[in-house]
Amino acid sequence: MEQPYHIPVLLNESIEGLNIQNDGDYVDVTFGGGGHSREILKYIEKGRLFGFDQDEDAAANAFDDSRFIFVRHNFKYIRNFLRYHDVEKVDGILADLGVSSHDFDVAERGFSFRFSGELDMRMNRDAKLTAADIVNEYDEAGLLKIFREYGEINNAYRLVTQLIAARRNSPVKTIDQFKAVIANCVSKKNESKYLAKVFQALRIETNKELDVLKDFLEQSASLLKPGGRLVVITYHSLEDRLVKNFIKSGNFEGKQEKDFYGNVSSVLKAVNRKVIVPSDEEINRNPRARSAKLRIAKKV
C-alpha cells in the first residue's frame, strides 16, 4: 500500500484556530502534501488560499482550483510573493513546521538516520549548502554551536572532535559514514533519541530553519488584518520558544515592553491560553504527531 505523502497534524484544531471566513484570504506556508490546505478550501467560497513550499516534490500535490495559488518558494518570502499577487493583508496564516513524512521516508533526501544515502537534508534541492558540507567544512566552534544549541547534545565536544579527526582522512559524505564516525558517542540505550537530536541539529543548520522562522513571524504580524489569525505547529522546543515569545511580547527573547499605560507592545494576542497538543488517539494514529505543539494568535 502506498504511504501517504504526509498526514496533517492537529488538523481540526488548526482549522478551528484559523476562524476561516468564506471570503477571506489565507496562506498555508508549509503546503507539503496539501492536507491542511485541502481542509481550508472547504470553508472558502469567494476567498483565496496561497500555498507555499520550496520542495519540488510538494509542487506535484498542488490543486487545480481557481481559489488556490501555489508558490514554490521558501515562506521567508511570504510578503514579496503576496505583493506580487496584489495582496497586502490576509485573514489567516498557517505554518506546520515539521518535515513532511515523505521527506523522512525518501532515503536520498538524507533526513533520516534509518536509511543509507547522502548526507543532504536540503528542503530545497536547488540550495547549495548540504549537511555534508557542514560536517566537512565547518570549524570546531561552528560545529559545537550547532550540536549544542540546535541538538542540545550533552557530549557535543566529543562528537565534534571525532568528526574533525575522521574528516582529515577522508570526507564524510554519507549517512552510514557519519554514523560510523560518531558511533563511540552514541549510547546504545538511547541510540535513536541521540541520533534524532544530531540529525535535527544538522537539518536546522542546513536549512537555516530558525532564521527563516524569525523572518516569517515578523512578516506575519504585519501581514495579518486586525483580528486575523496566526496558527503555528512546532515540533521541538527551539521553535516553540520563538513562537511563544513572539506572540507574548513581539520579540524572540520574551521581554514584554510596555507603553506609558502599561500595555504590552506586541501586535499579537494568544488565543489559546495553554499550548494545544495532539490527543492520545491522534498519536496512536500518527506517531509522528507526538511532539507537536499548536499555538494560535490573533492580530490586535
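How many aromatic pairs does the structure hold? The structure, a predicted model in which local features need pLDDT of at least 70 and side-chain atom pairs count only at pLDDT 80 or more, holds 8 aromatic pairs (ring centres of Phe, Tyr or Trp, the last by its six-membered ring, within 6.5 Å; planes under 30 degrees apart are stacked, over 60 edge-to-face and the rest tilted). Residues are numbered from 1 along each chain, and side-chain values use heavy atoms, without hydrogens and water.

In one of these pairs, the ring centres of Phe31 and Phe68 are 5.3 Å apart with planes at 35°, so the pair is tilted. Phe31 lies in the loop between strand 1 (25-28) and helix 2 (35-41) and Phe68 in strand 3 (residues 68-71), so the pair ties together parts 37 residues apart in sequence. Phe31 is buried, at 2% relative accessible area (buried is under 20%, exposed over 50%, partly exposed in between; 1.4 Å probe, protein chains only), and Phe68 is buried at 7%. Phe52 and Phe81 form an edge-to-face pair, 6.4 Å centre to centre with 80° between the planes. Phe52 is buried, with a relative accessible area of 0%, whereas Phe81 is partly exposed at 22%. Ring pairs also link Phe31, Phe63, Phe68 and Phe70 into a cluster.

Technical notes
Helices (H or I, at least four residues) and strands (E, at least two) are DSSP runs, numbered from the N terminus.
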